[in-house]
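Trainee: I would like to learn how to read a ligand site, a pocket and a cavity. Could you take me through them one at a time?

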Amino acid sequence: MAEEVKKRAFSGVQPTGKVTLGNYLGAIRNWTPLQEQYDCLFCVVDLHSLTVAQVPAELRKNTLELVALYIACGIDPEKSALFIQSHVHEHTELAWILDTIAYVGELNRMTQFKDKSRKHADNINMGLMNYPVLMASDILLYQAQYVPVGKDQVQHVELTRDLAERFNARYSDTFVVPECLLSKSGSSIKSLQEPTAKMSKSDPNENGYISLSDDIDTIRRKLRRAVTDSDTDAHCVRHSADKPGVSNLLNIYSLCSGTSIAEAERLFEGKGYGVFKDAVADAVISVLQPIQAEQKRLLGDKAYLEAVLKRGADKASCIAQKTLAKVYRKVGLIPQIR
Ligand code: AQP
């Protein structure tokens with residue numbers, strides 16, 4: 001009997017700093033169950049992180065820490081390919097081809113480009129604008145059907161779909177047109193200080209985010225300081241659009257404790273924000289502590305991490321080479337005789 005071909009899923013995180021609870025609940029955590037169903041590739045997208053200024057030694061450290069974190073969060077290198085983007089040179093090569101069919105106007109309209117241009121006004125480089133084209137290349141290179149991401153990346157996946165369809169229409173069927181896989185409740189974790197904005201690892205206000213490497217005291221302190229809502233219903237733990245701060249904390253509590261939001265509202269009825277925030281901290285700590293311990297253990301075993309990365313890059317390269325060769329042929333480039 002013919003073996004069933006699994007559909008493919010691809011995703012990645014940039015090693016731009018300390019990974020946040022938002023990255024974890026919105027993306028990484030949702031990758032683990034996919035490994036059973038799909039052929040998964042998970043990438044540390046180091047080339048993307050160069051779009052904002054990096055200290056080279058820190059970038060190297062963050063990259064390795066992120067590799068260990070993926071495994072500590074449940075990515076199993078026996079099931080999924082885990083690799084570093086810059087180890088597979090086809091990512092940048094395909095990005096160039098896609099650049100030739102991407103329009104300046106559509107890249108100019110990307111929300112992340114506008115946000116980051118505001119935040120890094122002294123460094124609005126071409127890479128920042130080109131970021132979504134490189135991301136499209138990451139995905140299309142592997143003919144991935146599914147891209148598990150948080151809400152903030154949906155616009156980039158839509159652009160990836162547009163580029164795939166445009167290329168297919170111009171040069172005949174080549175790319176799988178991918179779809180987003182969004183988790184129901186973790187797709188947008190908000191800043192603890194500004195609960196209408198997303199929690200982000202490059203937030204200059206450290207109290208806005210919980211980093212996956214924060215210690216117990218820091219997690220408690222940040223959650224106690226989290227902005228709540230001063231409405232007539234003050235101290236009422238309720239999930240609603242007019243209470244973005246409390247709703248965000250309820251969301252975090254629910255995702256970390258496995259309690260539904262309705263159940264959590266009942267649990268904290270009449271108890272006040274202080275008790276609620278301490279319970280959110282307990283729930284977050286219980287999720288992060290085992291991850292931190294495992295990440296630390298893995299970082300002590302460099303040889304293992306290197307072997308995982310080599311195996312991951314070998315598997316990824318194999319798929320990437322095939323796609324790129326097909327693309328080069330379709331656009332009219334002459335293959336090199338070897
Ligand atoms: N607040 C969030 N809630 C849910 N999901 C989130 N993601 C990011 N923030 C949240 C998801 O995490 C994945 C990896 O993101 P990334 O590091 O590649 O880039 P990003 O989306 O730009 O994340 P950050 O934390 O805001 O990074 P910086 O500050 O460096 O730009 C993606 O799937 C994203 O949706």
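Mentor: Let us begin with the polar contact, which is a pair of N or O atoms within 3.5 Å; within protein, one must be able to donate a hydrogen and the other to accept it, and residues adjacent in sequence count only if both atoms are side-chain atoms. Here a polar side-chain atom of Ser 200 lies 2.6 Å from an oxygen atom of the ligand. The model is predicted, with local features needing pLDDT of at least 70 and side-chain atom pairs pLDDT 80 or more, while totals for chains, interfaces and linings use all residues. Residues are numbered from 1 along each chain as its sequence is written, and side-chain values use heavy atoms, with hydrogens and water left out.

Trainee: At what distances from an oxygen atom of the ligand are the N or O atoms of Gly 150 and Asn 23?

Mentor: For Gly 150 a backbone N or O atom is 2.8 Å away from a ligand oxygen, and for Asn 23 a side-chain N or O atom is 3.2 Å from one. Accessible areas come from the Shrake-Rupley method with a 1.4 Å probe; for residues, only the protein chains shown count as cover. On its own the ligand has 640 Å² of accessible area, and the protein covers 98% of it.

Trainee: Which residues come nearest to the ligand?

Mentor: A residue is near a molecule if one of its heavy atoms lies within 4 Å of it. Around the ligand there are 24 residues, and Lys 116, Asp 152, Ser 200, Lys 201 and Ser 202 come nearest. For classes, Ala, Val, Leu, Ile, Met, Phe, Trp, Tyr, Cys and Pro count as nonpolar, Asp, Glu, Lys and Arg as charged, and the others, Gly among them, as polar. The shell has 14 polar, 6 nonpolar and 4 charged residues.

Trainee: Which element gives the largest share of that shell?

Mentor: Helices (H or I, at least four residues) and strands (E, at least two) are DSSP runs, numbered from the N terminus. The largest share of the shell, 4 residues, comes from α1.

Trainee: How do I read a pocket or a cavity?

Mentor: On a 1 Å grid over the protein atoms alone, a cavity is a set of points where a 1.4 Å probe fits but cannot get out, and a pocket is an open set with protein on both sides within 12 Å along at least five of seven lines; lining residues have an atom within 4 Å of a point. Grid points are joined across faces, edges and corners, and a volume is the space filled by probe spheres set on the points. The second largest pocket has a volume of about 320 Å³. Its lining includes His 89, Tyr 328 and Arg 338, and helix α14 (residues 302-331) gives the most, with 5 residues. By class, that lining has 6 nonpolar, 3 polar and 3 charged residues.

Trainee: And what is the volume of the largest cavity?

Mentor: The largest cavity holds about 30 Å³ of space. Among the residues lining this cavity are Met 110, Phe 113 and His 156, and α8 gives the largest share, 3 residues. The lining of the largest cavity divides into 5 nonpolar, 2 polar and no charged residues.
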